[in-house]
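The entries follow in the order in which I looked things up.

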Amino acid sequence: MRFILSLLAAAAGIYSLLIFIRILLSWFSDIAEGKPVKIIKSITDPYLNWWRRHLNLRVGMLDFSAVAAIVFLSLLQFILMTLSVSEKMSFGIILAEVLLSIWRIVSFILGFFIVVILIRLIGYLTGKNAYSPFWSIVDSISQPVIYRINRIIFGNRITNFVKSIVISILFLAVITAGGWFIFNFIANILWNLPV
């Protein structure tokens, strides 16, 4: 039984790697679609499409459903590996890993927004061309987040653009750090529940 569980965990890891390769391939649309690319697409697209249909993780032009798909596979891989090593799994351990997996998705998205807003701040401070296609994409991702955070903090008051960006970065960083602390604290409690 341990061998089968280890084999399934390895298969989940390999499938995660194929999905990661598929995501990278989608970024480079000019790559010729040879037989290896078509094989990877035929293996991974049904799984990724299921996540796209059932989760609404699209933010502007970005779709984070692939992140959820990979996190789910890593959770499955963790459970299978834990079962193959100890053949015991408590409800607390599974609940802790589910909780941490959800937090990994959320923290990835928060970190992504921190980076995008930081890029916007650097672009603004260095006087880069705000009308180029790159900055249009950065603005389409960052502006809704900056707007919502400023509404939470400042209400209807109008604030300086740089101040709004810096406050947004700090707000997201505090939420991310606080979330890691809280979710790890709760996971430690769940891990230590009796079997």
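The model is a predicted one, in which local features need pLDDT of at least 70 and side-chain atom pairs count only at pLDDT 80 or more, while totals for chains, interfaces and linings use all residues. Residues are numbered from 1 along each chain as its sequence is written, and side-chain values use heavy atoms, with hydrogens and water left out.

I then took the geometry: helix α3 (residues 65–86) and helix α4 (residues 91–126) pack at about 155°, their axes 10 Å apart, which makes α3 roughly antiparallel to α4 (angles over 145 degrees count as such). Helices here are DSSP runs of H or I with at least four residues, numbered from the N terminus, and axes are lines fitted to C-alpha atoms over the stretch in contact, with angles from 0 to 180 degrees between N-to-C directions.

The contact (heavy atoms within 4.5 Å) is made on the α3 side by Val 67, Ala 68, Val 71, Leu 75, Phe 78 and Ile 79, and on the α4 side by residues including Glu 97, Ser 101 and Phe 108. By class I noted 11 nonpolar, one polar and one charged residues (Ala, Val, Leu, Ile, Met, Phe, Trp, Tyr, Cys and Pro count as nonpolar, Asp, Glu, Lys and Arg as charged, the others, Gly among them, as polar).

Entry two, Phe 108. This residue of helix α4 is partly exposed at a relative accessible area of 43% (buried is under 20%, exposed over 50%, partly exposed in between, with a 1.4 Å probe and protein chains only). Leaving aside neighbours within four places in sequence, I found Phe 108 in contact with Phe 64 and Val 67.

Entry three, aromatic pairs. I noted nine of them, where rings of Phe, Tyr and Trp (its six-membered ring) pair if their centres lie within 6.5 Å, planes under 30 degrees apart being stacked, over 60 edge-to-face and the rest tilted. Trp 103 and Phe 183 are stacked, 4.8 Å centre to centre with 15° between the planes; Trp 103 lies in helix α4 and Phe 183 in helix α6 (residues 161–191), so the pair ties together parts 80 residues apart in sequence. Trp 103 counts as buried at 4% relative accessibility.

Tyr 124 and Phe 161 are edge-to-face, at 5.0 Å and 65°.

Conventions. Parallel < 35°, antiparallel > 145°, perpendicular 65-115°, else oblique.
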